[in-house]
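Open your viewer and get the selection tool ready. We will go from the whole chain to single side chains, one stop at a time.

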Amino acid sequence: MLPPLPRLDDYQISPTTGFLPTELPLLCLPDPVYEKWEKIIANLQSLILSKRLRTVIDKLPVIPATHLYTEAEWRRAYTVLIFLAHGYIWGGEKPAERLPPPITYPLLQVCEHLEIPPVATYAGLCLWNYKPLFLRDGLTLENLSTLATYTGSLDEQWFYLVSVAIEAKGGSAIPVMLEAIQAARDDDKETVTECLRVVAEVIDEVASILTRMYENCDPHVFYHRIRPFLAGSKNMKDAGLPHGVFYDDGSRSSGWRQYGGGSNAQSSLIQLFDIFLGVEHRPTGSKATDASESEAEPGVPPKARHNFIHDMRQYMPGPHRRFLQAIESVANIRDFVEANYRDRNLTIAYDACLAMLRSLRDKHIQMVSRYIIVKSREARSQSRPRSGEAQSPDNSPAGPPARGRGIASINYKDNADGQRKKKMRGTGGTALIPFLKQARDETGEPAIDDWARRVLTGGRRSEADHEVNAESMRMRLGIDDLNDEPAVVGLAGSWSMETEGGGLCAY
């Protein structure tokens with residue numbers, strides 16, 4: 001017997017706004033016991049600028065989460081606490097390795113209720129951090145504002161709000177996808193075809209919203225001012241967190257923890273498109289034809305293989321994570337289309353969905369190149385001493401550091417041969433561009449038409465490919481020696497080519 005289709009209400013999902021909450025996020029917590037939190041978040045940018053945030057938080061009383069009653073209150077508390085936590089950790093000259101009890105104790109309680117890690121996630125930064133300017137005008141990009149930011153800049157607001165607008169637009173496709181799954185069970189090809197056409201159009205509109213990022217979010221401001229606050233604590237030794245962050249809740253259970261930074265791969269909507277269409281993602285570098293280790297050695301279990309996209313589900317709210325699992329158990333569109341491959345209208349509609357999703361990822365690769373790869377190269381070139389420039393004992397340029405670098409700067413250390421070699425690690429990620437390109441090309445693998453599959457799996461280089469290749473060439477031309485390899489930098493940190501994992505902007 002087939003499992004029943006999941007009910008959206010059971011997973012805190014709206015048939016109109018999708019993974020955005022059915023009721024708008026609270027502007028502030030109603031119970032006066034949390035007034036101190038709200039006063040700090042209202043003045044967060046000034047406290048960070050004046051380097052007073054840590055002092056103010058250290059003096060806070062430990063306020064438990066016992067006065068939170070509705071889901072909206074729990075979400076508001078989470079958003080407030082993660083902004084205070086990341087402001088505390090990254091808001092000084094050096095990162096704070098210890099998160100004090102006034103933040104840790106209630107944060108752990110809130111995260112246990114929401115089933116989400118105690119770190120800044122896509123949910124807290126975007127899904128639960130917005131308000132409409134005018135209620136009657138809907139959740140369009142022009143009618144949105146954020147509730148909290150680290151910098152107070154238009155650029156940071158826009159960065160979050162583009163994702164909010166994407167979620168609002170894509171949410172309308174969720175009931176359509178469920179309708180298509182039911183129609184496939186009923187062998188109703190016409191309904192499945194029409195549903196696929198609607199989904200293709202929605203994905204295309206989502207991609208158009210994504211490209212609006214360029215309107216009000218400047219790459220330089222993002223890379224140097226916003227991105228550092230979004231960093232996690234995993235693989236951040238060179239940023240000053242060799243053990244991660246010590247979550248001090250005032251008890252004996254306090255300890256070191258390591259989490260990845262916020263990531264657009266934590267968007268349940270984008271993963272839902274993949275699941276619905278039957279797109280499968282593999283660990284970076286592996287191919288569809290790769291044999292598993294268990295096949296090579298019968299009886300020997302394969303080693304665990306890292307799949308960054310799947311791992312990002314652990315950073316989603318619990319109900320959303322379970323919804324994706326439920327959809328996986330009922331997804332049947334790919335099999336249905338393959339079984340009815342002679343129906344041209346059906347196959348064209350299905351391949352159109354894949355093409356639109358691939359185009360979305362292609363546009364995203366271009367964005368990562370401009371906001372991350374280019375800015376990383378520029379920061380790297382600025383961090384190098386010029387010919388004849390004075391050096392400090394640790395082989396870094398003498399004099400004060402350049403303004404704006406902060407934790408986004410690139411650190412160099414001497415190796416055994418006295419050569420300069422950078423240490424590039426961050427949120428725990430795979431090489432960013434290869435990861436994104438592979439995820440994009442995997443999107444086209446289920447295509448029914450041979451020509452469509454060839455084009456969608458990398459048979460033709462796109463504008464994004466040319467742009468990334470040109471930037472890679474510029475980076476190679478700036479290499480000093482063979483040991484000084486190209487940097488691979490994610491939105492929430494940086495890492496070396498050989499490390500595993502993902503990055504913030506990893507759809």
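What percentage of the residues in the protein is buried? Of the 507 residues, 54% are buried, where buried means under 20% relative accessible area, exposed over 50% and partly exposed in between, using a 1.4 Å probe and protein chains only. Before you click further, note that this is a predicted model, in which local features need pLDDT of at least 70 and side-chain atom pairs count only at pLDDT 80 or more, while totals for chains, interfaces and linings use all residues. Residues are numbered from 1 along each chain as its sequence is written, and side-chain values use heavy atoms, with hydrogens and water left out.

**Stop 1: the whole chain**

Switch to cartoon view. The protein has 20 helices and 9 strands; these are DSSP runs (H or I, at least four residues, for helices; E, at least two, for strands), numbered from the N terminus. Contacts, meaning heavy atoms within 4.5 Å, are worth a look too. Among those in the protein with a separation of 6 or more, 79% join residues 24 or more positions apart.

**Stop 2: an enclosed helix**

Select residues 71–90, which form helix H4. From first C-alpha to last, the 20 residues of H4 reach 28 Å, close to the 28 Å expected at 1.5 Å a residue; the expected span is 1.5 Å times one less than the number of residues.

**Stop 3: the nonpolar core**

Next, highlight Leu 107, Leu 196 and Ile 333, the residues with the most contacts inside the largest nonpolar core, which has 141 residues. H17 gives the most to this core, with 14 residues. A nonpolar core here is a set of buried Ala, Val, Leu, Ile, Met, Phe, Trp, Tyr and Cys residues joined through side-chain atoms within 4.5 Å. Centre on Ile 333: leaving aside neighbours within four places in sequence, its contacts include Ala 180, Val 192, Leu 196, Phe 276 and Tyr 350.

**Stop 4: salt bridges**

The structure holds 16 salt bridges, each a side-chain nitrogen of Lys or Arg within 4 Å of a carboxyl oxygen of Asp or Glu. Start with Lys 39 and Glu 35, whose side chains meet at 3.6 Å, N to O. Both lie in helix H1 (residues 35–42), 4 residues apart, about one turn of the helix. Lys 39 counts as exposed at 51% relative accessibility, and Glu 35 as partly exposed at 42%.

An α-helix has 3.6 residues a turn, so residues three or four places apart point the same way. Jump to helix H9 (residues 189–210), where Arg 197 and Glu 194 are 3 residues apart. Their side chains also form a salt bridge, at 3.6 Å, N to O. Arg 197 is partly exposed at 38%, as is Glu 194 at 42%.

Now select Arg 440 and Asp 362, whose closest N and O atoms are 2.6 Å apart in a salt bridge. Arg 440 sits in helix H18 (residues 432–442) and Asp 362 in helix H17 (residues 344–383), so the pair ties together parts that are 78 residues apart in sequence. Arg 440 is buried at 2% relative accessible area, and Asp 362 is buried at 12%.

**Stop 5: a sheet and its rings**

Which strands make up the open sheet of 3 strands? Their order is S1-S4-S5, with mixed pairing. S1 (98–99) and S5 (255–257) stand at the edges with a single partner strand each, so one side of each has no neighbour in the sheet. Strand S4 (residues 245–247) pairs with S5 in the antiparallel sense over 3 bridges; two strands pair if DSSP finds at least two bridges between them. Zoom in on Phe 246, which stands opposite Trp 256 in S5.

A search of the whole structure finds 13 aromatic pairs. Rings of Phe, Tyr and Trp (its six-membered ring) pair if their centres lie within 6.5 Å, with planes under 30 degrees apart counting as stacked, over 60 as edge-to-face and the rest as tilted. Select Tyr 247 and Tyr 259: their ring centres are 6.0 Å apart and their planes at 80 degrees, so the pair is edge-to-face. Both Tyr 247 and Tyr 259 are buried.

**Last stop: a buried arginine**

Finish at Arg 313, in the loop between helix H14 (308–311) and helix H15 (318–330). Is Arg 313 buried or exposed? At 6% relative accessibility, Arg 313 counts as buried. Beyond neighbours within four places in sequence, Arg 313 is in contact with residues including Gln 271, Arg 321 and Glu 328.
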